[in-house]
Amino acid sequence: MAAHTENEITIAAPLDLVWDMTNDLERWPQLFSEYAAVEVLSRQGDTVTFRLTMHPDDNGKVWSWVSERVADRDKLTVRARRVETGPFAYMNIIWEYEETPAGTRMHWTQDFAMKPEAPVDDAGMTEMINRNSRIQMALIRDRVEQAAGERPAAPVTPA
């Protein structure tokens, strides 16, 4: 069995700022509330392999895993997969960005399956991912919009 989630949000900020902030892995602990640390293990072109460590869960357990992300700035997509899958049989993620009149739309798609011995099944993880994605996307929106408001205005050039 496999599971699938899709979540999106529009951020009232320029595409370049949204792209830069959401793909600055070293700063993810300041962007996401769930991550305690990010350690970049390797970079090869647009591919980054990194370890994510979460804050302790309600039971005090700290979850950590290695993922790989491939950013394609021209196509406005990032593809990621868990290298160390932990409780997942697999986890694949696509982030898509799109300029809109209201700002930048960020769309996350996650395809995964849980291992039989995982503490939660596919349906339970789908619910957790959907709930948490909404929380994290709202935080990202607020933090990027705040950064956009702090940027100096572009200089006006005479016509």
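Modeller: A polar contact here is a pair of N or O atoms within 3.5 Å, where one must be able to donate a hydrogen and the other to accept it. This is a predicted model.

Biologist: OK. How long is the polar contact that joins the side chains of S64 and R51?

Modeller: The S64 and R51 side chains are joined at 3.0 Å. S64 also has a side-chain polar contact with T53, at 3.2 Å.

Biologist: Where is the place of S64?

Modeller: S64 sits in strand β4.

Biologist: What does S64 count as, by relative accessibility?

Modeller: Partly exposed, because its relative accessibility is 33% and that class lies between 20% and 50%.

Biologist: And how far apart are the C-alpha atoms of S64 and A80?

Modeller: They are separated by 16 Å, and the two residues are 16 residues apart along the chain.

Biologist: How does the lining split by class?

Modeller: There are 23 nonpolar residues, nine polar and eight charged.

Biologist: Back to α3, then. How many residues has it, and what does it reach from its first C-alpha to its last?

Modeller: Helix α3 has 29 residues and reaches 41 Å, close to the 42 Å expected at 1.5 Å a residue.

Biologist: Which elements do the buried residues of α3 pack against?

Modeller: They pack against β1 (3-11), α1 (15-22), α2 (28-31), β6 and β7. The buried residues of α3 include D122, M125, I129, S133, Q136 and V144.

Biologist: Take Q136. Why does it count as buried?

Modeller: Q136 counts as buried because its relative accessibility is 2%, and the cut-off for buried is under 20%.

Biologist: What does the side chain of Q136 make a polar contact with?

Modeller: The side chain of S33, at 2.9 Å.

Biologist: Which residues does Q136 touch, not counting those up to four places away in sequence?

Modeller: Q136 touches F32, S33, E34 and W108.

Definitions and conventions
Residues are numbered from 1 along each chain as its sequence is written. This is a predicted model: local features need pLDDT of at least 70, side-chain atom pairs count only at pLDDT 80 or more; totals for chains, interfaces and linings use all residues. Side-chain values use heavy atoms; hydrogens and water are left out. Ala, Val, Leu, Ile, Met, Phe, Trp, Tyr, Cys and Pro count as nonpolar, Asp, Glu, Lys and Arg as charged, and the others, Gly among them, as polar. Helices (H or I, at least four residues) and strands (E, at least two) are DSSP runs, numbered from the N terminus. The expected span of a helix is 1.5 Å times one less than its number of residues. Buried means under 20% relative accessible area, exposed over 50%, partly exposed in between (1.4 Å probe, protein chains only). Contact means heavy atoms within 4.5 Å.
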